[in-house]
Amino acid sequence: MASCSGNSNSNSSGSTQHQLMDQRKRKRMESNRESARRSRMRKQKHIDYLVGQIAELKKDNNQILTSINFTTHRYLNIEAENSVLRAQMTELSQRLDSLNDILHYLNREGIEYTPDCFTNPFNVPYLNQQPPIMASAHIFQY
């Protein structure tokens, strides 16, 4: 009978041990669930942060694109204006060269001139030195 009571003790001790293991297992499972919940919360928080970053980067990108478009438009306008100014500069340089050639010729020939003669071509002194052109009335008759 002693073996029976020993079995009973070992059976009771095995049941307690089994309960202890179940309790540890439940604690571990609960701890794992809590850890998984915290992990999901961290993951959701990180996703929310990334979504916010995406929105901010899209906004920044749109501002940059707007700035690029404005700058490109401004550049094209300035480039067109520069083309006009270059053409005007070329034309004025050619006029200046022509006027310098005329001045050089007049100086070489000893012809007197005044600066006004270039703006009023009928006031050129050498034109006034020649006899006027005369026309008679019979030229206009048929």
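## A nonpolar patch on the surface

A patch is made of residues with over 30% relative accessible area and no salt bridge, and nonpolar side chains such as Leu and Ile are joined into one when they lie within 5 Å. In this predicted model, Ile64, Leu65 and Ile68 form such a nonpolar patch on the surface. Together the three residues have about 270 Å² of accessible area.

Leu65 is placed in helix H1, which covers residues 2–109. The relative accessible area of Leu65 is 43%. Leu65 therefore counts as partly exposed, since that class lies between the 20% limit for buried and the 50% limit for exposed.

## The chain as a whole

The protein chain has two helices and zero strands. Of its 142 residues, 2% are buried. The accessible surface of the chain is about 13,400 Å², and carbon and sulfur atoms account for 57% of that surface.

## The annotated region

An unreviewed UniProt entry lists residues 75–109 as "coiled-coil region". In the model, the chain over residues 75–109 is 100% helix and 0% strand.

## Salt bridges

The whole structure contains five salt bridges. One of them joins the side chains of Arg38 and Glu34, with an N to O distance of 3.9 Å. Arg38 and Glu34 are separated by about one helical turn, because they are four residues apart in helix H1. Both ends of this pair are partly exposed: Arg38 has a relative accessibility of 41%, and Glu34 has a relative accessible area of 32%. Glu34 and Arg38 also belong to a network of salt bridges that includes Arg37.

Another salt bridge links Glu79 with Arg86, where the closest N and O atoms are 3.9 Å apart. Glu79 is partly exposed at 30% relative accessibility, and Arg86 is partly exposed at 45%. The side chains of Arg108 and Glu109 also meet in a salt bridge, at 3.9 Å from N to O. Arg108 is exposed, with a relative accessible area of 54%, whereas Glu109 is partly exposed at 44%. The two residues fall into separate classes because the limit for exposed is over 50%.

Note on methods: Residues numbered from 1 in each chain as written. Predicted model: local features only at pLDDT ≥ 70, side-chain atom pairs only at ≥ 80, totals over all residues. Heavy atoms only, no water. Buried < 20%, exposed > 50% of the residue type's maximum accessible area, 1.4 Å probe, protein only. Areas by Shrake-Rupley, 256 points an atom, 1.4 Å probe, with all protein chains shown as cover. Patch = residues over 30% accessible without salt bridge, like charges linked within 9 Å, V, L, I, M, F, W, Y side chains within 5 Å. Salt bridge = Lys/Arg side-chain N within 4 Å of Asp/Glu carboxyl O. UniProt positions renumbered as here; feature names shortened; annotations may be inferred.
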